[in-house]
Amino acid sequence: MLRFFVLGALMVLGLLAVLAAAIGGPGWWALAVIAVLLLCLGVYDVAQRKHSILRNYPVLGHMRFLLEGIRPELQQYFIERNWDGRPFDRDTRSSIYQRAKDMKEEQPFGTERDVDELGYEYLVHSTVPVPTMETPPRVRIGGPDCKRPYDMALMNVSAMSFGALSGNAIEALNKGAALGGFAHDTGEGGLSRYHRNGGDLVWEIGSGYFGCRTEDGDFEPSRFADTAADDQVKMVSLKLSQGAKPGIGGVLPGAKVTKEISEARGVPVGEKCVSPPAHKTFSTPRELVHFVAHMRDLSGGKPAGFKLCVGSRTDFLGICKAMVEEGVTPDFIIVDGGEGGTGAAPMEYEDHVGTPLTEGLLMVHNALVGTGLRDRVKVGASAKVATGIDIVKRLIQGADYTNSARSMMMAVGCIQAQLCHTNTCPVGVATQDPKRARALYVPDKSERVRHYQQHCVEQATQVIASMGLHDPSELRPHMLRRRIDHDSVLSYAEMYPHLASGELLASAPESWARDWADADPDRFRP
């Protein structure tokens, strides 16, 4: 067998090396030592029981593990084409890096995309484009019950918790938001000292109620009110689900609960930190909308809303029915797509659970229109928003503004190494290792965050002007088109039926009728 041949060859090599060293002098001893070490490694490989490959292919089998270890880098840097990498292709990553560095990023010679490929999308430009808006547009967040509305930028920092990201990364993002005048969502990990750098905050709480919880993990209204009163907190958000892993909670092992994380989350140092799959404070759509209203009251009238990855259309329509019947609405809803990012999630969830952003966004937008609530509730879009075109597409599909997470990480130095869950991020972004995190120089990276957001919004507004429009609110579904086969191209107005204002309340169309009839404001359906 091969393993015995390898061991025999190593033994012979070792004996020859020792003899050569004895005859030829000190210069040969290095070869002898290497041969003996390889022999020892071969014996160990045959004796161990963990790896079958090494038992059958001692020493040589290690090449397989070496190549497997560097395969992602080989794929990313030498094999994949500019436009087909995942989660973000090389063209997109290059665009992010160049914009973050405030560099002119234009391309020569024409597109590398296959414009005849099924699914290819493009925007309809105007024969008479208009001048680009002089100032970046903003979106007023705040319904009739909101006392302190907030003007949101078209692109903002999406939810990423301290704990998932290093303190330096959080600080750079927040300082960048302060420099650029856009919002920074805290994520559900609490409000840490690294968030206190002047950037406008959207304080997100999840099912663990970190930063506003009792010792038993229940929601604590007084603690919530104290933090929400901070002038830096502009909006408060309730996380129902996350795109990359909807329907599951999370556990932070006690060993990772440091003093800083303990202070931000309001949990004991060194003790396991659990986020349950579901909330304790409500169990029905009606209770949900009242809890969001309670958050708004506790915050002193600041905009309050919730984030979700869309699952059952019936459930969301149940929430809409609760809003209509109670006369209570959130000020905003953030739609997270199933293609969104995460620090860690099971493959089954990342790949197969959760509605993609396009379908989820269109459903939420139409449900609010159909129930006559769209003018009271602003909609945010979050999942793979990385360029100005992404912003424009999401606005056409029903959003009022967008949030970005992974591309903001790239703006502070992320190289898409996909090691976020290992605590070994090579650039100090997604790690709690202080030695790795120190590589991230905050003053430089905060400027990059500002430049990146600024250039993305500039490109979005330039594209909107090229479409002959003066404001993002003028974007319509017929302005975005998709190739559905080799002979046909349809607009979003043709591909997706759009409801008229109040249509569900008057007479639900056939495609919505069953879900609307099943929707119950007093229970979420399994």
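**Close-up 1. The crossing of helices α10 and α12 in the predicted model.** Helix α10 and helix α12 cross in a right-handed sense, in a structure that is a predicted model. Helix α10 spans residues 313–326 and helix α12 spans residues 357–370, and their axes, which come within 10 Å, cross at roughly 30°. Because angles under 35 degrees count as roughly parallel, α10 is described as roughly parallel to α12. On the side of α10 the contact is made by Arg313, Phe316, Leu317, Cys320 and Met323, while α12 contributes Met363, Val364, Ala367 and Leu368. Sorted by class, the residues of this contact comprise eight nonpolar, no polar and one charged.

**Close-up 2. The crossing of helices α6 and α16.** Helix α6, made of residues 167–180, meets helix α16, made of residues 442–466, with axes that come within 7 Å and cross at roughly 50°. That angle makes α6 oblique to α16, and the crossing in which α6 passes α16 is right-handed. From α6, the residues that make the contact are Asn168, Glu171, Ala172, Leu173, Lys175, Gly176, Leu179 and Gly180, and from α16 they are Val442, Lys445, Ser446, Glu447, Val449 and Arg450. By class, this contact of α6 with α16 holds five nonpolar, four polar and five charged residues.

Close-up 3. When its neighbours within four places in sequence are left aside, Asp200 is in contact with Tyr150, Phe182, Ala183, His184, Gln232 and Lys234. With Tyr150, the side chain of Asp200 forms a polar contact of 2.7 Å. Phe182, another residue in contact with Asp200, lies 18 residues from Asp200 in sequence, and the two are 6.7 Å apart in space from C-alpha to C-alpha.

**Close-up 4. An open sheet of three strands, β1, β14 and β15.** The three strands are arranged in the order β1-β14-β15, and their pairing is antiparallel. Strands β1 (121–123) and β15 (488–491) form the edges, each of them pairing on one side only. On average, and with direction ignored, neighbouring strands of this sheet are turned by 30° against each other. Strand β14, which runs over residues 480–485, pairs with β15 in the antiparallel sense over four bridges. Within β15, Val489 is the bridge partner of Arg483.

Technical notes. Residues are numbered from 1 along each chain as its sequence is written. This is a predicted model: local features need pLDDT of at least 70, side-chain atom pairs count only at pLDDT 80 or more; totals for chains, interfaces and linings use all residues. Side-chain values use heavy atoms; hydrogens and water are left out. Contact means heavy atoms within 4.5 Å. A polar contact is a pair of N or O atoms within 3.5 Å; within protein, one must be able to donate a hydrogen and the other to accept it, and residues adjacent in sequence count only if both atoms are side-chain atoms. Two strands pair if DSSP finds at least two bridges between them. Helices (H or I, at least four residues) and strands (E, at least two) are DSSP runs, numbered from the N terminus. Axes are lines fitted to C-alpha atoms, for helices over the stretch in contact, and angles run from 0 to 180 degrees between N-to-C directions. Angles under 35 degrees count as roughly parallel, over 145 as roughly antiparallel, 65 to 115 as roughly perpendicular and the rest as oblique. A crossing is left-handed if the near helix is turned anticlockwise from the far one by less than a right angle, and right-handed if clockwise. Ala, Val, Leu, Ile, Met, Phe, Trp, Tyr, Cys and Pro count as nonpolar, Asp, Glu, Lys and Arg as charged, and the others, Gly among them, as polar.
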